[in-house]
Amino acid sequence: NEIIPLSGVYSVRVLLNTKRYDGLVNIGFRPTVKGEKQTIEVHILDFCKDIYSTDLEIFFIKRIRSEKHFKSIDNLKEQIANDIKGIRGL
């Protein structure tokens, strides 16, 4: 009973150990870094702990944009910063 949404960037809420966090999810093939397989990456805002291999729940709030190729990593980082500004307060 699970599906993977369309490729793109989403505003999400993340539930980790009974605490909720705001975040972004990217679903897709990471074209800027020449990714070859589909991935789902979660960026939790204002969070700095190693939680790899930890279970969490992701609640999708809103699709922000389609996945796209950027000319450079710096352009990608700039877009991510803009995406974060755009979701604060949703």
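**Exercise 1.** In which helix is the place of Asp83? Then classify its burial and list its contacts.

*Solution.* This is a predicted model: local features need pLDDT of at least 70, side-chain atom pairs count only at pLDDT 80 or more, and totals for chains, interfaces and linings use all residues. Residues are numbered from 1 along each chain as its sequence is written, and side-chain values use heavy atoms, with hydrogens and water left out.

- Step 1. Asp83 sits in helix H1, residues 73–87. Helices (H or I, at least four residues) and strands (E, at least two) are DSSP runs, numbered from the N terminus.
- Step 2. Asp83 has 4% relative accessibility, so it counts as buried. The cut-offs are under 20% relative accessible area for buried, over 50% for exposed, and partly exposed in between (1.4 Å probe, protein chains only).
- Step 3. Leaving out residues up to four places away in sequence, Asp83 touches Val9, Leu24, Ile64 and Arg65. Contact means heavy atoms within 4.5 Å.

**Exercise 2.** Find the aromatic pairs in the whole structure and give their geometry.

*Solution.* 

- Step 1. Rings of Phe, Tyr and Trp (its six-membered ring) pair if their centres lie within 6.5 Å; planes under 30 degrees apart are stacked, over 60 edge-to-face, the rest tilted. The search finds 2 pairs.
- Step 2. Tyr10 and Phe60 have ring centres 5.2 Å apart and planes at 85°, so this pair is edge-to-face. Tyr10 lies in S1 and Phe60 in S4 (residues 57–65), so the pair ties together parts 50 residues apart in sequence.
- Step 3. Check burial. Tyr10 is buried, at 8% relative accessible area. Phe60 is partly exposed, at 38%.
- Step 4. Tyr21 and Phe47 also form an edge-to-face pair, 5.0 Å centre to centre with 75° between the planes. Tyr21 is in S2, while Phe47 is in the loop between S3 (39–44) and S4, 26 residues apart. Both Tyr21 and Phe47 are buried.
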